[in-house]
Amino acid sequence: MDTDTVLREKLAASTRILAMQGLIGVFGHVSAYDPGSKRVFLSPGMGADRSTTKPDDIFVLEPSGKILKAGEGEVPIEWPIHTTLHAARSNALAVAHLHSPYATLFSIVDRPFRPVTLQGALFAEGIPLYREANLVKTPEQGRQLAEAIGNQRAVLMRGHGAVVAGLDLEEVLFCALVLEDDACKTAQAAALGNVGTISLEECRAFDAETGLQRRSHRVWKYLAGLEARWDRQMSSGKIPLFP
Ligand SMILES: [Zn+2]
């Protein structure tokens, strides 16, 4: 299969799995970049049913934002999130913008995100905050967001959501799920008492980066299998990643 076909199929699957997991609903989109053809593949925008996204629904853009091939419905209004991050970092070949329910709490509360589980050690240095309470609709705003994320794996967007970047769609899916899981556990633990976090040194000792590709590809395979049997009813397929 050529790169174009592979990326379209994976991007459609990634969108459906994120919908099944409750991380993409009315809002949110995912992209992948092909450095060979310098093209950005982007999932459909608001209004499209992401639980049924097909390879043909995927938009194809130039890095400038020019649409080379239209997909289902409208292109996401925040397309510059994707084009600027792909351009800014060679290790951001896949990017997800999500309004993840628990992770978004950390873009609202005056409390920095710190990992509370070993898997959360992926975010050893915490997660930076993009402070502008706006939609990223222009390349200039995209550059500000790219500056905020720096070389980190994710950035929170104030009162809005999060962006996760990675080497491939498997890695971005896994990291987005870990981020949401860690944020959820923090919120639940805070209701019980003081929250203990995993320190930077402990995160480094655990070394979540080792085997990340292997782990994220296994999780992808597992969730893709569940998605294939999903009844498409929102929330019915959602499973905790680390029950
Ligand atoms: Zn948004």
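Just after helix α1, G22 takes a positive phi of about 75°. Helices here are DSSP runs of H or I with at least four residues, strands are runs of E with at least two, and both are numbered from the N terminus. Before going on, two notes on the numbers. This is a predicted model, where local features need pLDDT of at least 70 and side-chain atom pairs count only at pLDDT 80 or more, while totals for chains, interfaces and linings use all residues. Residues are numbered from 1 along each chain as its sequence is written.

Back to α1, residues 3–20. Its 18 residues should span 26 Å at 1.5 Å a residue, and the end C-alpha atoms are 25 Å apart, which agrees. The expected span is 1.5 Å times one less than the number of residues. Of those 18 residues, 13 are buried, so α1 is mostly covered. Buried means that 20 or more other C-beta atoms lie within 10 Å of a residue's own; exposed means 12 or fewer, partly exposed is in between, and C-beta atoms are placed from the backbone.

Now the whole protein. It has 7 helices and 8 strands. With 243 residues, a compact globule would have a radius of gyration near 18 Å, and the protein has 17 Å, which agrees. That radius is taken over C-alpha atoms, and the globule rule is 2.2 Å times the number of residues to the power 0.38. Of the 243 residues, 47% count as buried.

Next, the sheet. It is open, with 8 strands in the order β4-β3-β2-β1-β5-β8-β7-β6 and mixed pairing. Two strands pair if DSSP finds at least two bridges between them. Which strands stand at the edges? They are β4 (67–69) and β6 (129–130), each with a single partner strand, so one side of each is left without a neighbour in the sheet. Helix α5 packs on the sheet, touching β1 (29–34), β5, β7 and β8, and its direction makes about 140° with that of β8. Such angles run from 0 to 180 degrees between N-to-C directions, with axes as lines fitted to C-alpha atoms, for helices over the stretch in contact.

β5 (residues 94–98) runs antiparallel to β8, with 5 bridges, and L98 stands opposite A162. β7 (residues 154–157) is also antiparallel to β8, with 4 bridges, and M157 stands opposite G161. In the hairpin of β7 and β8, G159 takes a positive phi near 60°.

The largest nonpolar core has 65 residues, and those with the most contacts inside it include V155, V163 and L179. Such a core is a set of buried Ala, Val, Leu, Ile, Met, Phe, Trp, Tyr and Cys residues joined through C-beta atoms within 7 Å. Helix α5 (residues 169–192) gives the most to this core, with 10 residues. Leaving aside neighbours within four places in sequence, V163 is in contact (C-beta atoms, placed from the backbone, within 7 Å) with residues including I81, V95 and H97.

D207 has a positive phi of about 55° and lies in the loop between α6 (200–206) and α7 (212–228). Is D207 buried or exposed? With 11 C-beta neighbours inside 10 Å, D207 counts as exposed. R232, in the segment after α7, has phi near 70°. R232 is partly exposed, with 13 other C-beta atoms within 10 Å.

Methods: Two residues are in contact if their C-beta atoms, placed from the backbone, lie within 7 Å.
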